[in-house]
Amino acid sequence: MYKKARYLPAGDKGIVVEFGSTIKTQINQKVRSMFLALEQCQLPGILELVPTYRSLMVFYDPLVWEFNKLLVELEKIEASLASFKLPKPRVNLLPVVYGGEHGPDFQFVCQYTKLTPEEIIRIHTSTDYLIYMLGFTPGFPYLGGMDERIAVPRLEVPRTKIPVGSVGIAGSQTGVYPIESPGGWQLIGRTPVRLYDPSRTPPFLLQAGDYIRFYQVSSEEYQEIAQQVEKKRYILKTLDYVEKRS
Amino acid sequence: MGSIKVIKPGFLTTIQDLGRFGYQKFGMPVAGAMDEYALRIANLLVGNTEEEACLEITLVGPTLEFLDECVIALTGGDLRAQINGEDLPLWQACYIQKGDKLHFGGVKSGCRAYLAVAGGLEIPAIMGSKSTYLRGQIGGVEGRALWEGDEISFPALSAETLEVVNRKVPQDYQYDFSSLIIVRVVLGPQEDAFTLNEIKKFLEGKYQVTNNSDRMGYRLDGPRIHHKKSPDIISDGIAKGSVQIPGDGLPIVMMSDRQTTGGYTKIATIITPDFPKIAQAKPGDTIQFQAVSIEEAHEVYRQYETKIRILPDKFIYSPRQSYHCNNPFRKIINIKINGKEYLIEIEEI
């Protein structure tokens with residue numbers, strides 16, 4: 001983490017506030033603090049904020065802000081972050097049916113890791129994964145913290161169509177596909193929850209800085225939840241995040 | 001209520017407004033008009049708010065039939081628009097009669113034209129915007145480009161709208177296309193990934209827009225820019241007009257449908273007032289980048305916004321009115337006899 005953030009111009013409407021040059025929880029927390037502090041103080045002429053792994057993109061109106069004046073204001077907020085009371089992150093509980101038709105690569109992951117199906121599910125469900133940022137496709141969470149014991153290489157030939165809700169592993173990353181898209185992740189299961197639905201309010205369920213915890217459900221439970229999701233009646237379960245859950 | 005029927009869709013005709021803001025933090029791209037200037041001016045001409053949705057027409061335009069009378073304005077690139085076979089003036093509010101057919105003869109200059117209809121387009125807003133985001137399949141008409149048979153509704157023509165008919169924007173508000181397109185950039189956010197020599201090469205080089213260019217990004221061909229170390233960074237946010245330099249050293253300009261975040265170094269970002277120039281560039285066109293300071297960029301931005309703000313006071317009401325750009329109750333016909341021009345006015349009694 002840098003001692004002081006770097007402020008980098010991104011054209012005439014954007015400024016990147018960079019807190020570090022690595023993927024680390026502490027750096028990402030700083031991004032989240034800056035993001036929430038800026039949201040709270042509601043400065044005029046701040047158009048949009050985009051938190052990422054280690055920086056915050058601030059889009060502003062150049063008719064309201066001269067670059068140097070905005071810089072002074074942002075530095076002031078940065079200096080006050082030490083005393084900023086960060087709200088507890090939320091843990092989003094995502095039901096997943098593992099293996100079978102919903103996880104076509106589950107057997108491969110067992111063979112590759114030499115672990116039993118139960119062990120893989122136990123390991124995959126026993127971590128709270130930090131949502132470092134959302135990007136790539138609408139609502140796609142970049143997660144950190146997967147156990148290296150279940151790390152597997154990507155598919156040699158990516159699939160052209162991956163069903164929405166598929167849960168996959170690629171390298172030491174795990175993730176969920178929010179929309180049907182091509183991809184090379186090894187698919188181990190599927191969640192009936194829609195991370196992104198443009199016809200729903202709100203369209204997105206996850207926020208950068210929060211966590212995801214997967215839990216196993218049966219095919220029957222999957223179907224039940226899928227029906228509730230379809231009727232837009234499903235409410236995602238969440239918990240307060242408690243650090244160092246083992 | 002009136003409507004426009006798509007007879008032929010053209011190469012790529014989509015509904016766009018100024019874009020979908022507030023959702024980039026969830027990974028939702030902004031989309032919106034490639035050429036914001038042309039869209040804003042088209043809307044102002046017909047008396048809309050400047051952010052209203054228009055048809056964005058690309059290279060080979062569609063054939064459209066107006067099933068009801070309306071007032072339209074066409075701005076941006078010159079794609080040889082014709083109404084019932086007669087040239088339709090650009091940068092001008094025009095009265096359209098029921099049954100009129102608009103078609104395009106092909107590119108004369110530029111790449112994209114914007115068609116505004118007085119009163120706006122009846123398209124549902126998704127996350128606050130009518131813009132079509134093709135890859136995400138949302139916005140516009142079913143999240144896709146227009147097809148044959150689509151009908152787009154607009155509010156019925158009002159009497160006060162007729163007052164805007166025939167007004168046009170002054171010459172200095174219209175486009176003047178040149179063979180070399182110079183776009184100004186602010187260096188960064190990752191200019192420190194390059195030596196001064198490489199930055200010099202980037203600014204002195206001439207780059208061609210390749211065929212591998214779309215609403216998401218323009219891939220350019222020209223001098224390759226080398227990184228001090230790696231082309232990769234830890235993914236961060238992407239602004240419209242950011243110029244990425246991937247591992248092969250050839251710049252990619254991030255356009256309207258850009259992803260919200262990315263992991264390539266970005267050497268520079270095109271300034272907002274110059275973005276329309278690249279939005280109007282097509283494969284084969286030549287681009288050169290010119291660096292300005294952020295202070296200069298902001299000065300240019302303020303002038304650009306002022307120019308648009310004062311436009312309503314600068315509209316010109318053309319004395320040479322042609323048949324198709326007319327008040328429906330008053331026809332003015334322009335005829336030539338022995339080289340002399342006469343305007344004949346006919347009024348319904």
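**Domains, chains and one residue**

Modeller: The C-alpha centres of domain 1 of chain A and domain 2 of chain A lie 30 Å apart. The bounds, from an automatic or database domain assignment, are 6–83 for domain 1 and 90–240 for domain 2 of chain A. This is a predicted model: local features need pLDDT of at least 70, side-chain atom pairs count only at pLDDT 80 or more, and totals for chains, interfaces and linings use all residues. Residues are numbered from 1 along each chain as its sequence is written, chains are lettered from A and ligands numbered from 1 in the order written, and side-chain values use heavy atoms, with hydrogens and water left out.

Colleague: How many residues of domain 1 of chain A are in contact with domain 2 of chain A?

Modeller: Eight, and they meet 10 residues of domain 2 of chain A. Contact means heavy atoms within 4.5 Å.

Colleague: What area is buried between domain 1 and domain 2 of chain A?

Modeller: About 770 Å², with carbon and sulfur atoms giving 59%. Buried area is the accessible area (1.4 Å probe) that two parts lose on being put together, summed over both. In domain 1 of chain A, Asn28(A), Arg32(A) and Tyr53(A) lose the most, together 57% of what that side buries.

Colleague: How many salt bridges across that domain interface?

Modeller: Zero by the rule, which asks for a side-chain nitrogen of Lys or Arg within 4 Å of a carboxyl oxygen of Asp or Glu.

Colleague: Now the chains. How many residues of chain A are in contact with chain B?

Modeller: 44 residues of chain A, against 38 of chain B. The buried area there is about 3,200 Å², and carbon and sulfur atoms give 62% of that. In chain A, Asp12(A), Glu48(A) and Phe204(A) lose the most area to chain B, together 18% of what that side buries.

Colleague: And how many salt bridges between chain A and chain B?

Modeller: Two. Lys25(B) and Glu39(A) meet through their side chains in a salt bridge (3.7 Å, N to O).

Colleague: Switching topic. Is Thr63(B) buried or exposed?

Modeller: Thr63(B) is buried, because its relative accessible area is 16%. Buried means under 20%, exposed over 50%, partly exposed in between (1.4 Å probe, protein chains only).

Colleague: What does Thr63(B) touch?

Modeller: Leaving out residues up to four places away in sequence, Thr63(B) touches Lys5(B), Val6(B), Ile7(B), Lys8(B), Leu102(B) and His103(B).
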